[in-house]
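Please open the model in the viewer and keep the selection panel at hand.

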Amino acid sequence: MRLALAVDYDRTLTDESFVPSAEVLECLERARGEMEVIIASGRELRFFRDSGLMGLGDALVLENGALVYVDGKTFVSDGPTDEVRDRLDQKGIPFSSGEV
């Protein structure tokens with residue numbers, strides 16, 4: 001049986017700088033030797049690409065669960081419907097859509 005650890009990125013693996021410390025990176029690397037490490041974040045995939053953090057875990061669950069990156073492949077949900085987007089816009093609720 002293989003174990004897995006799923007952990008949030010922002011302010012769990014990082015401080016207010018949103019950059020993991022050397023100590024955190026070392027701990028993640030040790031954990032990956034014993035289990036699958038899954039990084040969860042509401043952030044978009046491009047943040048991890050641009051920050052050089054694609055290899056931070058064995059898998060990334062991003063954009064509030066709408067996108068999964070594992071083994072070099074990206075899997076996406078169908079995303080919010082046009083109706084949901086329109087309602088958010090009507091209510092003035094900011095909305096960002098990444099790769100979904």
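Select Tyr-9, Phe-47 and Phe-48, which together form one aromatic cluster; rings of Phe, Tyr and Trp (its six-membered ring) pair if their centres lie within 6.5 Å, with planes under 30 degrees apart counted as stacked, over 60 as edge-to-face and the rest as tilted. This is a predicted model, in which local features need pLDDT of at least 70 and side-chain atom pairs count only at pLDDT 80 or more, while totals for chains, interfaces and linings use all residues. Residues are numbered from 1 along each chain as its sequence is written, and side-chain values use heavy atoms, with hydrogens and water left out.

By the ring rule there are 3 aromatic pairs. The ring centres of Tyr-9 and Phe-47 lie 5.8 Å apart with planes at 65°, so this pair is edge-to-face. Tyr-9 belongs to the loop between β1 and α1 (22-32), whereas Phe-47 is in helix α2 (residues 45-50), 38 residues apart; helices (H or I, at least four residues) and strands (E, at least two) are DSSP runs, numbered from the N terminus. Between Phe-47 and Phe-48 the centres are 5.2 Å apart and the planes at 85°, so that pair is also edge-to-face. Phe-48 has 0% relative accessibility and therefore counts as buried (under 20% relative accessible area; exposed is over 50%, partly exposed in between, with a 1.4 Å probe and protein chains only).

Next, select Arg-43. Arg-43 lies over the face of Phe-47, at 4.0 Å from the ring centre, and over the face of Phe-18, at 4.9 Å; the criterion is NZ of Lys or CZ of Arg within 6 Å of the ring centre and within 35 degrees of the ring normal.
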